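User: I'm new to this and would like to learn how to read the contacts between two chains. Can you walk me through it?

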Amino acid sequence: MRISLKPRSLALLAGIAGMAVFCSLQMQLESNVTKFMPDGGGSELAALSRQLADSELTRTMILAIRGPSLPISLEAGEALAARLRENDEVKWVRNGVDPMEIESLYELYFPRRHYFLSDDPEHEIPLRLSTPALVERARALKRELASPGAFLFKRIAAADPLGAFADVVSRVRDERPTLRLEGNRFVSLDGDYAILMLATRASAFDHGRQVPLLAEIRRDVDDLSRELEVPLTLEQSGTNRFAADAQSAIRGDVYVVCGLSFLGVALVFMTLVGSLRAFVIVFLPTLTGILVAISVGLIFFGGFDGLTLAFGTVLIGVATDYSVHALVHHRLATGGETASATLRRLRPTLFYGAITTIASFVGLAFTSFPAFREISTFSIVGLAASLATTFFVLPELLDLAPPLPRRARRMAERLGGLGHGVGRPLLWQGVPAALCVVLFVFAVPRIRWVDDMSAWTRIDPELLAEDQRVRSRVTPFDTSRFVVVLADDEQTAIAMNSRVRERLEPLLDDGGLTGVRSLHALLWSEDLQRRNLRALLAEEDLYPRVVAAFAKEGFQADAFEPFGEALASEPPAPLTLADLRDSSLGPLLSSMVIPLDRQLAVITHLRGIESISRVAQALDGLEGVRVFEQRAFLNDVYAEFRSTTAEQIVVGSLLVAAILLARYRRLRPALAALLPSILVALTLIDGFAFLGTGLNLLHVMTLIMVLGMGVDYGIFIVDTAHGRTDFGVTFLSLLVSCLTTFLVFGTLAVASQPVLRAVGTTAGVGILLAFFYSPLALLVLGRPGEEARRA
Amino acid sequence: MRLAASFATWILAMGAAAGADVPAPPAVPATLEELMGRMAGTTGIVATFEEHKHLALLEEPVESRGRLAFVPPSCMVWNVRSPGESSLVIEGERVRFRDETSPQALDLSDNPIARHFVDGFMVLFNGDLSAMREQYALEFRGRDDGWRLALTPRSARVRSVIASIVLEGRSGPIDRMEIFEADGDRTVTEFAAVEVDHRFDPDELRELFGPRTSCGSP
């Protein structure tokens with residue numbers, strides 16, 4: 001058969017091809033968890049949480065490499081570090097203590113050593129400078145000079161008899177990760193593995209860049225194993241591994257589901273519509289909508305999150321129902337109605353179907369979650385484009401679709417009789433519906449919400465075990481629980497952070513914590529620094545007293561002239577955050593100081609937390625200081641958002657009801673159109689509640705989509721089911737829509753990822769229910785009775 | 001690694017402890033080659049030492065006493081027991097300093113100053129004459145009453161810290177070491193109770209170097 005396409009169709013096909021090329025070239029899929037965190041005017045903690053999720057904390061990996069012996073492990077670790085330093089995707093690699101760090105420490109702190117004498121200078125410095133304390137200090141220095149490490153102390157003793165610089169070094173050392181060092185190279189606590197730490201340039205959730213990097217690391221180790229001719233074991237820890245694994249699993253699920261659903265949809269079309277060409281035609285408006293939405297998204301957002309794309313596509317998929325509806329009505333219309341005439345006839349129905357669908361999820365566009373705003377924008381743009389294509393191009397294309405098989409017409413007739421029960425009160429829909437309404441009262445208290453985002457994806461237990469093994473070898477700090485100081489200015493934040501460190505000291509002493517990493521080890525507020533110097537210089541005759549006390553222990557009288565000169569000379573400016581950032585110690589700050597939009601966050605990392613409530617108790621009363629449990633915080637945020645979204649369903653339903661009332665100007669048809677979706681919501685909630693299924697935000701999100709489709713079904717019935725025949729045709733189109741939707745999304749219920757299962761179960765069951773309840777619209781309309789009377 | 005081996009062999013070669021009454025002590029080596037040639041095959045060395053540091057900071061030299069243990073080929077502990085307890089532990093490339101004030105050992109492996117000191121010792125104790133010549137200008141003098149070896153670092157960087165090292169012995173192992181620092185300070189170490197061919201048992205090795213040490217392994 002020769003197919004001749006009209007200009008609009010040709011333009012559409014050219015447009016589809018062009019957009020497909022554009023999208024395939026520009027498409028950047030990411031899995032960015034930060035988009036699922038609130039932004040904008042939300043709390044500073046939310047901003048902090050979002051920034052942390054994509055900070056160097058999540059971009060850092062720990063690699064543990066083991067050979068037949070520790071020297072070989074270290075050699076392999078060194079070689080791997082060298083290779084990784086050449087990798088453009090790797091920002092930095094550390095496999096030991098950098099000698100530059102020590103030099104930098106000296107250069108920064110030695111001239112400022114008298115700024116860092118005490119946390120409590122007014123009280124402690126006078127004690128430290130008392131004659132007995134100075135004599136004791138002289139004895140200690142003498143012991144140090146007698147030790148084999150004398151060269152360490154001798155160099156600075158003349159200028160620093162008080163040992164101020166040694167205190168700084170000691171603080172920095174004490175707060176380092178508890179890794180073992182072998183020749184200044186990091187070694188696991190068990191002494192078996194060489195340890196490397198690296199930060200990636202890309203976000204941990206950037207699947208496109210993390211997957212190749214992870215593969216390269218594995219390849220590098222394999223190459224080294226061959227070069228060194230020894231077996232090497234590599235174990236890794238990093239957020240990127242979980243993100244990559246989850247995305248790969250989701251992709252795998254999607255591929256399987258796509259394959260299965262495509263076959264199923266093709267089967268449905270072959271059975272009910274009798275043509276795959278018809279399938280292609282009805283799918284074109286949806287495809288156009290999806291491509292337009294992606295193109296717009298790429299132009300304005302630059303890329304997409306995987307979940308945004310998945311949800312958005314699902315929502316745009318609703319548009320397929322419109323073209324199926326048009327196809328079935330056109331092909332089963334009596335009197336040789338043209339496709340254009342059919343579309344004209346159906347235009348208000350399809351328009352209001354789309355408008356009500358958009359209304360049900362437009363609320364998402366106003367949330368503080370970037371991902372949901374993206375989903376909303378994506379879907380609205382896609383639905384609008386699909387609808388426009390349905391109205392303006394589909395009429396030309398429908399003429400290319402072959403006639404429906406006879407069995408379709410027969411089925412429509414049967415369905416007409418079945419649904420239009422000629423006076424029967426639709427018992428087998430009405431009774432379950434009534435039951436669901438009653439059960440809903442009992443279901444509400446049984447609803448169980450699971451707001452833990454970590455439950456959205458299934459974590460590979462082997463990956464998790466490996467991650468925990470690696471972490472236990474280096475005992476790093478807790479990445480999800482820490483203390484945060486939020487302050488409007490740098491100095492307040494630093495000062496408060498020092499108080500945090502002070503309050504945590506008792507917990508460190510009694511084992512409530514096994515370690516902390518605090519900015520306090522590196523930096524004190526300018527005020528505290530100046531108070532130290534003031535307290536030191538306030539001591540009368542300090543220099544002669546020091547000389548005298550040390551002379552008692554056998555030190556030369558003129559040995560400490562450099563110290564005297566330092567006291568007499570103009571002091572350097574106190575150390576600032578900027579000084580630290582500009583030094584080779586700068587990288588240490590990235591996980592401790594996080595500038596927010598209006599505030600500065602200073603983080604104290606904790607290790608070996610015995611009880612988080614004890615930590616909170618210890619910090620009680622400190623202004624702007626909070627113990628931050630990221631998971632609990634996000635769970636709260638999601639619980640709140642889920643609750644808001646659930647409320648939005650009610651608001652959205654009211655908006656939809658208002659649109660329907662505005663359209664029909666009578667309560668009965670408006671209620672008839674709305675009824676199927678209301679019943680779907682109630683039945684699903686009943687089902688989840690009584691089956692004990694834990695509900696999360698994604699169930700609620702998918703419910704929005706299903707409700708949108710339920711309203712469409714209601715509108716189709718109310719608008720086009722004027723008699724038994726019309727009802728049969730409409731019902732057939734709904735059956736095709738329902739089965740295709742079910743096959744596309746319902747198959748997600750077998751996916752391995754909980755996130756997809758939640759979508760699949762809600763969408764699959766929901767859409768079947770929408771179809772099942774749709775005839776009840778007629779009951780509300782009262783048409784069966786009228787027709788029965790007419791008959 | 002070689003450091004320990006050389007040191008051990010070297011000390012061994014220096015002969016048995018002075019005053020040993022068994023075999024006659026070997027003659028004083030007449031040449032450096034002969035001295036170094038005697039450094040071979042030791043199983044381990046222990047000795048006590050007494051050290052006097054003449055420092056510009058102090059009126060009087062600071063004294064310390066302790067024990068030295070060398071496990072070939074690359075491990076050594078320089079343990080000061082008085083005043084106070086402190087140690088420099090060398091295991092191959094790894095150098096750690098431990099004292100009473102901190103529970104955690106200070107890793108000095110990459111500390112440039114520590115490295116100068118350690119490398120100096122290591123090359124010396126290694127007994128590798130060619131490596132020693134590469135790093136030091138050597139001046140050897142053998143007499144009837146003993147021998148004297150003066151080492152001057154060739155590297156200006158090393159010389160900025162250590163001006164020279166003088167080792168002295170009679171027919172036996174090293175008796176005295178004197179380190180002249182660039183700033184004028186000087187350290188004199190006198191060894192006694194030198195036990196060559198000491199066989200370290202595993203417990204002793206663990207005590208010296210820690211439970212997971214590979215020192216003393218073949």
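Analyst: Let's start with a definition: a salt bridge is a side-chain nitrogen of Lys or Arg within 4 Å of a carboxyl oxygen of Asp or Glu. Here, the side chains of A:Lys154 and B:Glu181 form one, at 2.3 Å from N to O. This is a predicted model, where local features need pLDDT of at least 70, side-chain atom pairs count only at pLDDT 80 or more, and totals for chains, interfaces and linings use all residues. Residues are numbered from 1 along each chain as its sequence is written, chains are lettered from A and ligands numbered from 1 in the order in which they are written, and side-chain values use heavy atoms, with hydrogens and water left out.

User: How many salt bridges are there between chain A and chain B?

Analyst: Three.

User: And how much area is buried between chain A and chain B?

Analyst: Buried area is the accessible area (1.4 Å probe) that two parts lose on being put together, summed over both. For chain A and chain B that's about 2,900 Å², with 59% from carbon and sulfur atoms. A:Phe151, A:Lys154 and A:Arg173 supply 23% of what chain A buries against chain B, more than any other three residues.

User: Which residues form a disulfide?

Analyst: A disulfide is a pair of cysteine sulfur atoms within 2.5 Å. In this model B:Cys75 and B:Cys215 make one, with their sulfur atoms 2.0 Å apart. The angle about the S-S bond is -85°, a left-handed link.
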